[in-house]
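Here is a short briefing on a protein model. It covers the fold, the surface and the aromatic side chains.

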Amino acid sequence: MRLLAPLLLVSLLLSLDAHAYVDPGTGSVLLQILLGGFAGLALFGKLFWRRVTELFGRKPLPPPAAAPVPTDSRNVKNDR
């Protein structure tokens, strides 16, 4: 597998003219592949954005301490 990519690159760079016909439908298919890939990446990013931000984002602040509950004055003894 490691050898396949460099061989493919060399064969593409050293290839001669093919004198082949590429019809307009081929360009349309390539455009659909590119646009579909971008749409897929956008959907992936949208679905997993929260996980990504949790990985690289700041930690949320802890919730503030609860305020003391006021007592009812009728239940408190008067020290007079």
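A residue is buried under 20% relative accessible area, exposed over 50% and partly exposed in between, using a 1.4 Å probe and protein chains only. The model is predicted: local features need pLDDT of at least 70, side-chain atom pairs count only at pLDDT 80 or more, and totals for chains, interfaces and linings use all residues. Residues are numbered from 1 along each chain as its sequence is written, and side-chain values use heavy atoms, with hydrogens and water left out.

**Overall**
- The protein has 2 helices and 0 strands (DSSP runs numbered from the N terminus; helices are H or I of at least four residues, strands E of at least two).
- Of the 80 residues, 0% are buried.

**Aromatic pair**
- The structure holds 1 aromatic pair (ring centres of Phe, Tyr or Trp, its six-membered ring, within 6.5 Å; planes under 30 degrees apart are stacked, over 60 edge-to-face, the rest tilted).
- The rings of Phe44 and Phe48 have centres 4.9 Å apart and planes at 45 degrees, so the pair is tilted.
- Phe44 and Phe48 are 4 residues apart in helix H2 (residues 24-56), so about one helical turn separates them.
- Phe44 is exposed at 51% relative accessible area.
- Phe48 is partly exposed at 30% relative accessibility.

**Helix H2, Phe56**
- Phe56 is found in helix H2.
- Phe56 is exposed, with a relative accessible area of 71%.
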